Every structure is written in C-alpha cells, then in structure tokens.
Amino acid sequence: MRFAVVQFGGSNCDRDVWHILQDVCGVSTDLVWYKERLRDQYDAIVIPGGFSYGDYLRAGAIAARTPIMEDIRSHADAGRLVLGICNGAQIGAESGLVPGIFTINAYPKFVCDWVHLRVENTTSPFTSQYRRGEVIRIPIAHKEGRYVAPPAVLEKLERDNRIAFRFCDPYGVCTPESNPNGSARGITGILGTRDNILVMMPHPERASEPVLGSDAGRKIFDSMIHAIASGSVPCAEEGL
Amino acid sequence: MKFDVAITIGLKEGMLDPEARAIRHALSNLGFSTESLATARVFQVSLEAQDRDEAYARAEEMCARLLANPVIHRYRIEVSS
C-alpha cells in the first residue's frame, strides 16, 4: 500500500500528513512535488493544507489548474482515493472534484480554533471507522472555508448521502453558533460523486495522536487504509 | 490588433459579501451613510486579437476557465482598442 502527499509551492501541512501516514499509521508515503507529476500509481493521494500560490485570485484556484490535477483526476476516475484537506479541499472544489466552493468566512477573518464535527456518513472509504452521529473534536485554520453551493446542489448532496461532516456543538447539535465560518447547512466535509473523493476544511492530521490533544481525526486515515486493505476500493496496479 | 480589456468580477446577486459588509460598517463609522456596497475586482488585460469580438471571446474564456468561479461570480467585459 502506498500513499502520496502532493506538495504545491505554499503547501505547509504536507509533512504533518506525511508524518501521520508514515509514522503513526505505518503506511509507505511519498511526498510528490507538483511539477514532477504523478509518475507512479498510488492507492491514495492526499492534497494537504497550506496557501498554494499565496491564495492569489481565490484559495486553491491556481493550483486547481496545474497539470498534476489531470493526473489526480485520472487517479480518481479509476476509483482510487483522493483526500483534500483545507487548502486541498479548496483545490478540490476549484478543480470540480466536488461541487461548490469554499469562500471567505462569513466573519471575514482567519479562524484558528478547535471545533466539533458530526459524522454524517459512515459508509464512505473515509468514514467507515466512525459511528453515525459521532462527534469529533478537530482543529480548523482558514479564512476561506465557508462552503457555498446552489440550493439544488445542496439538496442533491443531502439526498445522495455525500455530506461527510457538519460543524456542531459538543453535543452533536448543529447551531449557528457552532458554525465557525457560515458554511451552508454547516457542511464542511463533502464526498465526490463516487465517494472515493473527500474534501474537508478541518485538519484530521492535527488530531491524529493523543499528544496533539485529540486523535479523533485518525479514523479518516484508518478508514482509507481499511478500504484499500479490504479491497473495497481499487488499489494501484503493480509495476506501472 | 491590440486591445485593452477590462474584466470586472463581482459576486452574484444575493451572495454574502463579508468584506463589503465590514467596509460599509467602517464608512458608516466615518459618517458616510450608504444604501448598499459591493466589492468587485478588475483585471486589466492587453491582448492581440483579429477584432473586438475575438478579444471579447478570449476574455470570456479566461473568466470561464480561471478568473471567475461560476458558483458565486458574475462578470462584465469591456473591450477598447
């Protein structure tokens, strides 16, 4: 099993994700510089957080249009896993891997805080290790994290069970106060059409070891590893 | 022929504009009362094209492929030679 973490100029959570995958979860993981493209096949790709291209134009907009995204799209089209975290989520939305956009927070400042999420979907390859309705404590750090999508798209996401996580209070209740950026319906984790793609604004890699204050995010990586190991998602073809 | 193109990108009607809200509030603190305020971004582009229509079409393609995000944005293109 092999994961790749893609590095853009301005990525700054790449090594954190690498550490969790490699050292904590024990998965062989490569750091791949975006200009080198994806030369090998991987079982899963993580687009990490940071400020690719300085967030110029819109967060994630420029990275979303780099050639490596074509490789990531082919990887996803083959049914293999893609996880976008924070800036990776913005890049995922800007490149159309999921619908909608993450834009400037309702209160337009950078928010760096611990929040609670309610797990809404427990059937995807990213969330199978959670219980439905489980409340997890996890950090956020962004200024452009407010999820916006047309009402018809939001309805479809709800119907198709493609909302992975919603902001909530410590008791699992979604209130305006527990929504730190004004995201539509409190949504902050969205699955792709085939549920092999997850983008999320919160940082599971910052909540994957007890020493970090929470290890509630680790189940996302564990779910991915379980999905690949159990053969429920396609894995990389050997020798390519 | 060389054309100057001004591309103005703003938010669609009804979209929350948190920066505009904060700026409007600041103006109000300075004693300026406003009925509404919206922010927009202008891109000044010079380009070579056969004619005005081609220059317009190129700018439109730039908006579609990079400059605007159709989920939240609308845009206006003005071409001058």
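Leaving aside neighbours within four places in sequence, which residues is A:Met224 in contact with?

## The model

This is a predicted model: local features need pLDDT of at least 70, side-chain atom pairs count only at pLDDT 80 or more, and totals for chains, interfaces and linings use all residues. Residues are numbered from 1 along each chain as its sequence is written, while chains are lettered from A and ligands numbered from 1 in the order in which they are written.

## Met224 and the cores

A:Met224 is in contact with A:Ala44, A:Leu81, A:Leu83, A:Pro125 and A:Phe126, leaving aside its neighbours within four places in sequence. Contact means that the C-beta atoms of two residues, placed from the backbone, lie within 7 Å.

The largest nonpolar core has 72 residues. Such a core is a set of buried Ala, Val, Leu, Ile, Met, Phe, Trp, Tyr and Cys residues joined through C-beta atoms within 7 Å. A residue is buried if 20 or more other C-beta atoms, placed from the backbone, lie within 10 Å of its own. A:Met224 is among the members that touch the most others, including also A:Val6, A:Ala44 and A:Leu83. Helix H5 (residues 218-229) of chain A gives the most to this core: six residues. Another core, of eight residues, lies apart from it and includes B:Val5 and B:Leu67.

## The sheet of chain A

Helices (H or I, at least four residues) and strands (E, at least two) are DSSP runs, numbered from the N terminus. Two strands pair if DSSP finds at least two bridges between them. Nine strands of chain A form an open sheet with mixed pairing, in the order E2-E1-E3-E4-E11-E10-E9-E6-E7. E2 and E7 (135-142) stand at the edges, each with a single partner strand, so one side of each has no neighbour in the sheet.

Strand E1 (residues 2-7) of chain A has five of its six residues buried, so it is largely enclosed by the rest of the structure. E1(A) runs parallel to E2(A) (residues 28-33), with six bridges. Three bridges join E1(A) to the parallel strand E3(A) (residues 44-47). A:Ala4 has a bridge partner in each: A:Asp30 in E2(A) and A:Ile45 in E3(A). Elsewhere, E6(A) (residues 111-119) and E9(A) (residues 163-168) pair in the antiparallel sense over four bridges.

## A helix in chain B

Helix H1 (residues 18-29) of chain B has 12 residues. At 1.5 Å times one less than its number of residues, H1(B) should span 16 Å, and its end C-alpha atoms are 17 Å apart, which agrees. B:Gly31 follows H1(B), with a positive phi near 95°.

Note on methods. Buried ≥ 20, exposed ≤ 12 C-beta atoms within 10 Å, placed from the backbone.
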